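Subject: Structure for you to look at

Hi,

Here is the structure I promised. Please open it first, then read my notes below.

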Amino acid sequence: MWTPDAVLWLRDSVLNCSDCSIKVTKVDETRGIAHVYLFTPKNFPDPHRSINRQITNADLWKHQKDVFLSAVSSGASCPHSRSGGTPVPGSTGENFRKSLADAIKKSLVEHSSSSSTEELPPPVHLSKPGEHMDVYVPVACHPGYFVIQPWQEIHKLEVLMEEMILYYSVSEERHVAVEKDQVYAAKVENKWHRVLLKGILTNGLVSVYELDYGKHELVNIRKVQPLADVFRKLPFQAVTAQLAGVKCNQWSEEASMVFRNHVEKKPLVALVQTVIENANPWDRKVVVYLVDTSLPDTDIWIHDFMSEYLVELSKVN
């Protein structure tokens, strides 16, 4: 079975490679599957330098929890860091999982969830202006509005989400007198999220903002529960961002789509220009340059790409 390290290595090596080659060794027509050697541009056609041989020889097979190649929780490979370190999920993540699990057990035993406090977690750590940080972009509308998550914390967030599913599956459902601009837990598409309640509609629905992923959702009010104290320790992960280095007051749908295709659901490196602080962690904002470091020989600065696109678009128009 594939280990997570092997899956991440494979994705990091080929997913964003601009020009791969294959050598077909067998075609299973009944199953519609081709067995191939896969090569990055500089290594074709030497089979000893194929991706197949490299991944076999790499130290990636110390057996961990089995994963399938279609798994999405670790779907993004780590950006080639400018901030001096690559996260090690197995260490901090597992320690976080153990401490969170212990806290949840204690909470269930003591019934402490019956009176959740309004305490908020500390703001998520952001690099200072002029510094780099590794980020993931879960949502992008246009260069003037997108959301980043610190890459270093993603594994902790995945653990928290798993534990929230377990916790709320065994805790008693309660009727909640919800209030606008308060923090709750809400079930969105079969997953529990930490949310900010934005509005109460007349048809039994409420508008919520996912504090870790930056998405706006409508959910049934019965799917909203108090956010237990144990889930108020990890900082909310979603940070609103704006792209530095581009000047445009109105982004067309076409330009917005081009931007989304280049950054959404991708790991990138962010160079922080400005941090705009706010008492509410969900109202903090950063202005950043984004860099795609996935290609082996070049870095793509997204603001340069978008500026060039705007120039070309103006010529066409």
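Which residue forms a salt bridge with Glu253? The partner is Arg260, and the closest N and O atoms are 2.8 Å apart. A salt bridge here is a side-chain nitrogen of Lys or Arg within 4 Å of a carboxyl oxygen of Asp or Glu.

Before you go on, note that this is a predicted model: local features need pLDDT of at least 70, side-chain atom pairs count only at pLDDT 80 or more, and totals for chains, interfaces and linings use all residues. Residues are numbered from 1 along each chain as its sequence is written, and side-chain values use heavy atoms, with hydrogens and water left out.

**Salt bridges**

The count comes to 5 salt bridges. One of them joins Glu277 to Arg284, again with the closest N and O atoms 2.8 Å apart. Arg284 counts as buried, at 7% relative accessibility. (Buried means under 20% relative accessible area, exposed over 50%, partly exposed in between, with a 1.4 Å probe and protein chains only.)

Glu312 and Lys315 also meet in a salt bridge, 3.7 Å from N to O. Both lie in helix H6 (residues 302–316), 3 residues apart, about one turn of the helix. An α-helix has 3.6 residues a turn, so residues three or four places apart point the same way. Glu312 is partly exposed at 45%, and Lys315 is exposed at 60%.

Helices (H or I, at least four residues) and strands (E, at least two) are DSSP runs, numbered from the N terminus.

**Helix H5**

Helix H5 covers residues 253–263. Its buried residues are Ala255, Ser256, Val258, Phe259 and Val263. They fall within an arc of 160 degrees seen down the axis, so they line one face of H5. The arc is taken from the directions from the helix axis to the C-beta atoms. The face turned away carries the exposed residues Glu253 and Asn261. Just after H5, Lys265 takes a positive phi of about 60 degrees.

**The sheet**

5 strands form an open sheet in the order S8-S7-S6-S5-S9, with antiparallel pairing. Two strands pair if DSSP finds at least two bridges between them. Strands S8 (216–220) and S9 (224–226) stand at the edges with a single partner strand each, so one side of each has no neighbour in the sheet. S5 (residues 183–188) and S9 pair over 3 bridges. There, Ala186 stands opposite Val224 in S9.

Best wishes
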